[in-house]
Every structure is written in structure tokens, then in C-alpha cells.
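This briefing sets out the arrangement of a protein chain, its domains and its ligand surroundings. The sequence and the model are shown first, and the points follow by topic.

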Amino acid sequence: MTSKSRKNITVKAFKARIQHHLNFHAVDLSHSIDKKAILMAVCSSVNEIVFDKLQSTNIRRHERNSRSINYLSLEYLMGRMLSNNLHNLQLFKTAQAATKELGFEIEDIFEEGHDLALGNGGLGRLAACYLDSLATLDYNAMGYGIHYEHGLFEQQFYNNRQIESPDEWREYGNPWEVCRPEAEQEIPLYGHVETVAETDGTLRKVWHPGQIIKGVPWDVPIVGYNCETVNVLRLWESRASSHFDWEAFNAGDYQDANSAQTQAETISKVLYPNDSTAAGKELRFIQQYFFCACSIKDIIRRYLKHHDDWSQFADKFVIQLNDTHPTIAILELMRLLLDEYRFSWDNAWQMCKQVFAYTNHTLLPEALEKWSVELFETILPRHLEILYRINEEFLNGQVDKMWPGDTAMRRKLSLIEEGQQKMVRMAHLSVITSFKVNGVAEIHSELVKQDLFPEFHKLYPNKLTNVTNGITPRRWLKACNPALSDLISKKVKGDWAKNLSLLSTLTDYAEDKKFQQQFMQVKRENKVKLSEEIKKLTGVSVNPDAIFDVQIKRLHEYKRQHLNLLHILALYRRLLENPRLDINPRVFIFGAKAAPGYYLAKEIIYAINCVAEKINNDARINDKLKVVFLPNYRVSLAEKIIPAADVSEQISTAGKEASGTGNMKLALNGAVTIGTLDGANIEIAEEVGDDNIFIFGKTVDEIKALNRQGYDPVSIYNSEPELKSIIDWLDSDYFTPGKFGELSAITQSLLNDGDHYKVLADFVSYSQAQEALDKAYKDQAGWAKMAIMNTAMMGKFTSDRSIEDYANNIWSLDKNLPA
Ligand code: 26M
């Protein structure tokens with residue numbers, strides 16, 4: 001089908017397709033149709049078009065033989081797919097009308113869809129936004145990841161505490177994936193390495209693996225917005241290889257035969273729920289290798305399908321490592337080139353240095369991945385040999401040349417960390433191999449150069465660079481906020497969803513009374529809708545005329561949800577002291593999952609829930625304050641919260657949040673940021689201007705100075721009476737009647753454990769910024785202007801701009817437009 005005829009798909013024709021698929025799925029049409037059944041039928045109708053476009057994209061690619069970007073990521077936080085695909089295909093209105101004729105509101109159908117939650121947080125969602133932009137910009141791109149049977153856990157609250165349960169996203173099948181058995185791979189593990197002498201006397205290494213695992217690819221089509229391109233996200237599922245132990249099976253030893261299968265399937269069973277610590281878990285290591293090996297072999301398969309020799313490999317493929325999680329791909333490509341394709345060492349190494357690039361997403365030391373040499377020895381013995389040689393050549397070559405005889409420097413830069421247990425530093429391997437290494441916001445990239453890898457920056461002065469993160473405006477404005485999108489489309493000429501800088505024309509209307517009123521009316525409607533959702537999820541009634549103050553992100557000490565909590569306590573206390581206190585009513589809205597093993601994060605959730613319970617039921621404060629913690633925060637819930645937010649909390653300790661992307665989503669939807677000079681907040685402030693953002697707190701340099709001086713949180717506690725009384729309050733049994741000290745893990749971390757993230761140091765400044773914000777909200781026209789300016793000035797933060805930065809400055813890609 002051509003694009004012309006597709007655009008002309010009538011409501012009637014689309015409805016007929018849905019009916020055809022209902023029939024095809026043998027849905028009982030004599031009774032009222034179930035919502036799940038109609039969802040599947042609509043998805044299948046969309047898929048007909050999507051797979052058709054995928055075919056023509058592939059044909060075009062083949063004809064042009066264009067260079068491809070291969071994005072390797074352990075995580076993709078896709079969310080729901082239907083609404084986005086309809087928007088990107090320009091079929092939203094058609095589908096809406098067709099389902100309406102069948103008796104359904106399309107939004108109700110969307111609600112039946114399950115989130116694809118194959119990621120933890122920012123890094124996984126960034127990968128999803130980048131896939132959207134790569135397709136939209138017609139780049140030849142392939143995403144590679146793991147087909148987890150269970151994505152990020154589901155969260156419920158029980159007695160105010162987080163309870164986790166497994167995510168069952170594929171329970172009823174996933175309409176957005178097709179299995180590709182023709183591209184399956186076999187992956188070796190364990191065993192030993194043998195040195196074999198060739199007839200000509202040269203020595204050759206042969207790895208005799210102890211186990212073989214099968215990798216089965218599932219392809220998820222990625223539909224570009226208003227264009228012809230459909231790319232693929234290829235997710236690997238592990239299975240027992242066909243070398244199934246029939247002997248054991250036939251001998252009646254079902255358990256043994258079965259356990260091999262169970263073991264193999266365990267590899268892709270579940271996503272690890274950490275988003276900042278690099279836990280040294282063997283299964284996680286095997287996951288990483290399994291997925292990298294499958295992907296590298298698939299890349300080579302794709303290349304050799306169209307080429308007789310290796311001369312063009314580095315021209316045709318570039319591989320982006322999303323954090324260090326897929327670093328092992330480097331050693332796998334080296335191994336295959338050396339052992340399977342018989343490259344010389346130098347040629348193999350040259351090749352690797354041309355194809356890999358690496359993105360760093362965090363400076364937190366506990367997140368820098370290290371794997372024990374012992375684990376390598378057991379699971380990947382051949383890879384360890386290769387790693388040792390890379391290290392030797394690196395230390396004796398580049399390091400010795402720059403710092404002759406400097407053993408301390410050798411120790412510092414080595415790929416192997418010496419100590420009780422020898423560890424492999426994955427980030428070092430990524431940096432020395434990659435032709436580019438980037439951070440994800442200006443300040444973060446500077447800190448990568450100056451603090452994280454200063455020696456590597458000296459060795460390779462042109463390697464370290466920046467690409468500021470971005471978000472897709474298709475999902476994060478057009479699809480999630482239809483009312484604001486319609487209002488924008490009335491004022492902004494052109495396809496702003498494809499060229500987000502066009503939004504800057506809205507600055508012309510920032511002081512236009514009528515537009516301000518319309519803008520705030522849309523916000524209010526979105527707040528009414530969210531209020532209903534809040535009622536449904538928590539039972540709490542909130543006032544849509546209150547300020548909706550939102551902090552949504554993973555729970556982590558550095559993100560400082562507990563700083564927000566302390567300020568809430570301050571407001572509560574002020575209100576109890578003076579019930580007539582003249583402040584705007586405010587609803588504090590939280591959404592966050594804590595890693596199941598992160599004790600303090602879970603205690604912070606518990607504390608917020610306990611405080612919320614108390615405040616929400618306290619008649620003395622006249623509903624001026626409400627606190628709600630929405631359970632099971634995920635992409636689809638974010639899509640409901642963000643359009644309704646007035647205030648965006650971005651309050652990490654300066655230097656700790658690499659970029660943040662929720663900050664961009666909220667500002668794009670007209671929320672005003674209260675935030676520190678950290679990550680992309682700095683660039684947001686540059687774009688919107690100082691008058692349209694509330695900046696507070698210590699800068700990176702001030703935090704560093706504080707650390708040098710010796711930071712003493714107790715002296716702040718003793719010198720700030722309000723802060724002291726709040727902390728003491730939290731330590732009492734006021735919020736947990738009868739249970740003293742129930743919330744003291746938090747106060748302990750602040751007072752006895754050194755307040756690592758400088759919560760107390762920033763409290764007064766935060767509280768003042770909050771006061772200024774409250775005052776600003778009283779001037780409704782002034783606030784509307786600020787909100788409009790935020791939406792208007794977010795052009796820079798479209799993921800299309802980020803992807804063009806990568807394409808031009810790192811990947812050197814050419815476009816793949818249809819003729
Ligand atoms: C670790 C151990 C076991 C399992 C998973 C992990 C792990 C997973 C994700 C560790 C780190 C992970 O991601 C770090 C991350 O999400 N960083 C965020 O990246 C975003 C996109 O660049 C930035 O916007 C955030 O600031 C940054 O925190």
C-alpha cells in the first residue's frame with residue numbers, strides 16, 4: 001500500500017478491518033464485545049499497515065546499503081504502544097471514530113494495553129525515545145535488547161510500605177512482536193580454552209564451551225512519526241539449545257533434562273530492578289553476555305549477507321553502548337574476528353576501535369560496573385585472555401608513552417582493579433575502545449572529563465563529548481496531552497511535533513490574556529482528570545484548584561524525595577501553628593519505585609505514606625495540603641500525571657543527576673521547575689530564562705567545597721530551629737502513633753551517617769524557593785506566562801535534536817528517505 005492510500009483509509013475501511021480481526025480471533029460477536037478483544041483487533045489492524053511499511057523500509061535499505069546505527073541497551077522502557085503508533089501513522093482520528101462506531105471510547109481501549117516495562121527508569125526510557133526519533137528521522141537503526149519474561153516489578157502499597165509483584169506483560173500475548181526463528185543464535189558459555197598449533201607453527205586458541213544457549217529474536221516494529229520508516233527493536237529470549245539432553249530424557253532423568261532447560265530460560269527471565277548500583281550478580285553478567293553475543297552475531301550475519309569481505313564493515317555498522325551494561329560486546333566482537341574469522345590481532349583491534357561508541361549515564365561510583373576476574377574465568381575464559389592482552393598493550397603502549405614509568409598511573413588506568421578480589425573495570429574498557437564517549441548533559445559531560453575520566457581525557461583529547469538528552473514530543477505532548485496539543489496547533493503553524501522549535505512562536509502569546517486563559521483552562525481540565533485518577537488509585541480527594549506539585553522518578557537518596565518531604569513537614573507545621581496562613585492550597589504528588597533491596601529508599605516511601613495519611617486526614621488545615629503517593633509509577637501513569645502538573649520537582653544534589661528527562665517532559669507540558677543547578681536543569685534554565693524557573697541550592701563547586709571543608713549536617717540542624725523541629729517531629733511517633741523511632745532511618749541518615757546528599761545544606765534555600773513559588777502562583781497571569789514560556793522554549797529538548805547530534809557528531813549517518 002502506498003502512503004497516499006493509507007492516509008485515505010476511511011473510518012469505514014478501518015472499522016471493517018477491526019471487524020475482520022475480531023472474526024479472525026473467533027471473538028463471539030453475538031454478545032457485547034470485550035474490551036481486551038477489541039484492543040487486540042485494533043492492534044492487528046494497525047499491524048497490517050506497520051508490517052507493510054517495514055517491508056518497504058527494508059527494501060529501501062537493501063537497495064541503498066546505507067550505514068546503520070545499532071543501539072545496544074539492556075533496557076527499553078516503551079510503555080504502551082497503540083496510541084503512539086496511531087499518532088505516528090496519522091491514524092488516531094480514524095481509529096477513534098471507527099471504535100466509536102463499534103461502541104467504544106478509544107481511551108478506554110488504550111487502558112486495556114499493558115506497558116512494555118523492560119527498563120528501570122531514565123536510561124531505559126531514553127532508549128525508547130531515541131528509537132522513536134531514529135525512525136522519525138528516517139535513519140537506518142536497529143535496537144537490540146533482552147526479551148525479559150518479566151519487566152520491572154509492579155508496586156503496591158500495603159500498610160504504607162512497598163510490596164513488589166512480578167510484571168506479567170505477556171500474560172495474554174503481546175500484539176507488537178513477531179518471532180524470527182530464522183535469525184536465532186547459539187551462544188557458548190563456560191568451558192575452557194585450548195591452544196592448538198597450526199601446521200605452519202602458529203598458535204590458535206580454541207574455546208570449548210561447557211554449555212550452549214539458544215537466543216531467539218522477537219522483533220517489535222518501531223513506527224516513525226509522519227514518515228515512511230519503520231525500524232525494528234530486536235529482543236533476545238534465551239532457550240535451551242537443541243542440544244537438549246535427550247539422553248537424560250530418555251533414561252527417564254526428566255529432572256536433569258528439564259533443569260538444563262530451566263537454567264537456560266532463566267537468563268531472560270527477569271529485568272534486574274536496580275537503577276544505580278552495579279550488583280555483582282552472576283546471572284546479570286550472563287544476561288549481559290548472552291544479549292551482546294546474540295546481537296554481535298546478528299550484526300555480523302546481516303553484514304555478511306550482503307558483503308563478501310570485511311572491508312566495509314566499519315563503514316556500514318556503528319554500535320552504540322547504552323552505558324557500560326553492554327561493554328562485553330567489545331570482547332565478543334574481538335573474539336569472533338580473531339577466532340572465527342581469523343583476523344590478525346591488530347586488524348581486529350582496529351576494527352573494534354572504529355565501530356563502538358559509549359554513552360555514560362551516571363557518575364555515582366556505586367553504579368560503575370565491575371565484574372570479578374573469577375567470574376570471567378569461569379564463564380568467559382577466552383574473553384578474559386583477550387581482555388588481558390588489550391590491557392597489556394594499552395598499559396605498555398599509550399599509558400607508558402604519556403606517563404613513562406608511572407606505576408601509580410598504570411594501576412589507576414588498568415582494566416583490572418587490583419585488590420582482594422581482582423575486578424574488571426567495564427567503563428575503562430569502553431572508554432579505551434570507543435571512538436567517542438559522551439555524557440548526557442553539558443554539566444555531566446564536563447564532570448565526566450574533569451572528575452570521572454581526567455586521565456583518559458588527557459590521553460584522548462577529542463574522544464569525550466556531550467550529547468544532551470531529549471524526549472519525544474510525540475508521546476510526551478501530542479499523545480499524552482491532546483487538549484494542549486490542539487491549543488498549540490491553533491497558534492503554531494507547521495508540524496511542531498516534528499520540529500519542536502516551532503513552539504517558540506508561543507512566546508508571542510505569553511502575555512496574551514485570552515491565550516493565558518485558554519492555556520490555564522487546559523491545565524485545569526487535565527488536573528480534573530488527574531484528580532479522578534488520584535481518587536481511584538488512593539481514595540484521596542484533591543482540589544483541582546490547588547497547585548499540583550509533582551515529583552516522579554525512581555526513588556533514590558540523591559534525587560532527594562526526602563528533601564521534598566521535609567519541606568512538606570515545614571508547611572504542615574506552619575499551618576498548624578497558624579491555620580489562617582496565607583498559602584495556596586497544594587497537592588504534593590509522588591510516583592516512584594524503590595529497588596527492592598534498597599533499604600533507605602523503601603523507608604522514604606514508608607515515611608511519605610505515613611505523613612500523607614496524617615496530613616490528608618487532618619481537618620485543622622482545611623484541605624490546604626494534600627500528599628498522595630501514586631502506586632506503580634510507570635510510563636502510562638506518567639502520561640496522566642505530566643499534563644496536570646503545575647510544579648516540577650528536580651531537586652537532586654548538584655553533580656549527581658546526569659541529566660534527568662522527566663524535567664523536560666514536565667516543562668514541555670507547562671509545569672514550572674523548582675530545581676537545583678544539576679543535569680539538564682541548567683540547560684532548561686538557559687532556555688526558559690531565570691524568570692521562568694525557581695533555582696535553589698548549592699552548585700557543584702559549592703558542594704565540592706563543602707566536602708573539602710568537612711560537611712557537618714548536625715551543626716545545620718542545631719542552628720536552624722524550624723529544620724530541627726521538623727526532624728525531631730519525624731523522629732517522634734506523631735506520624736506512626738505508638739511506634740517511636742519508626743521513621744528514624746531517615747533522620748539517622750541525615751544526622752548520624754553524614755547526610756551524604758547534602759539535604760540539610762540545601763533545606764533553607766529550598767524552603768525559600770518554595771515560598772517564592774507560592775507567591776508567584778498568586779499572580780495567576782504571571783504564572784500563566786511562566787507556564788507558557790516553559791512550553792514555548794522546550795524546542796532544544798526534543799529527542800530529534802539529540803539524535804541529529806549523535807548522527808552528525810558521532811555516528812556519521814546518512815538518511816534513508818524514500819525516492
Ligand atoms: C545496575 C545493576 C543491576 C541492574 C541494573 C543496574 C542499572 C540499571 C540502570 C544501573 C544503572 C542504570 O541506569 C542509570 C540511569 O538510569 N541513569 C540515568 O540516565 C538518564 C538518561 O541518560 C539520565 O537522564 C539520568 O539523569 C540518569 O540517572
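How many residues of domain 1 are in contact with domain 2, and how many of domain 2 with domain 1? In this predicted model, 45 residues of domain 1 meet 35 residues of domain 2.

**Domains and their contact**

- The chain is divided into domain 1, covering 65-80 + 115-467, and domain 2, covering 476-803.
- Between the C-alpha centres of domain 1 and domain 2 the distance is 35 Å.
- On the side of domain 1 that touches domain 2, at least two residues each are supplied by β2 (76-79), α7, β5 (154-158), β6 (161-165) and α18 (442-452).
- Helix α7 gives the most to this side of domain 1, with 9 residues.
- Classified by residue type, the side of domain 1 that touches domain 2 has 19 nonpolar, 17 polar and 9 charged residues.

**Helix α7 against helix α34**

- Helix α7 (residues 122-136) and helix α34 (residues 799-811) have axes that come within 9 Å and cross at roughly 75 degrees.
- From α7, the contact is made by C129, Y130, D132, S133, L134 and T136, while α34 contributes S799, D800 and I803.
- The contact of α7 with α34 has 4 nonpolar, 3 polar and 2 charged residues.

**Ligand shell**

- The ligand is surrounded by 25 residues, and the closest are G122, L123, Y272, N274 and S659.
- Helix α7, which gives the most to the side of domain 1 that touches domain 2, also supplies the largest share of the shell around the ligand, with 3 residues.
- Both domains take part in the shell, since at least three residues are drawn from each of domain 1 and domain 2.
- By class, the shell around the ligand has 8 nonpolar, 13 polar and 4 charged residues.

- Strand β21 (residues 586-591) runs parallel to β22 and is joined to β22 by 5 bridges.
- Within β22, V628 is the bridge partner of I589.

**Three-stranded antiparallel sheet**

- A further open sheet has 3 strands in the order β15-β17-β16, with antiparallel pairing.
- Its edges are β15 (370-372) and β16 (416-417); each has a single partner strand, so one side of each is left without a neighbour in the sheet.
- Strand β17 (residues 423-425) and β16 pair in the antiparallel sense over 2 bridges.
- Within β17, M423 is the bridge partner of E417.
- Helix α17 (residues 426-433) packs on this sheet and touches β15 and β17, with a direction that makes about 35 degrees with that of β17.

Key: Residues are numbered from 1 along each chain as its sequence is written. This is a predicted model: local features need pLDDT of at least 70, side-chain atom pairs count only at pLDDT 80 or more; totals for chains, interfaces and linings use all residues. Axes are lines fitted to C-alpha atoms, for helices over the stretch in contact, and angles run from 0 to 180 degrees between N-to-C directions. Helices (H or I, at least four residues) and strands (E, at least two) are DSSP runs, numbered from the N terminus. Two residues are in contact if their C-beta atoms, placed from the backbone, lie within 7 Å. Ala, Val, Leu, Ile, Met, Phe, Trp, Tyr, Cys and Pro count as nonpolar, Asp, Glu, Lys and Arg as charged, and the others, Gly among them, as polar. Domain bounds come from an automatic or database domain assignment. Two strands pair if DSSP finds at least two bridges between them. A residue is near a molecule or strand if its C-beta atom, placed from the backbone, lies within 6 Å of it.
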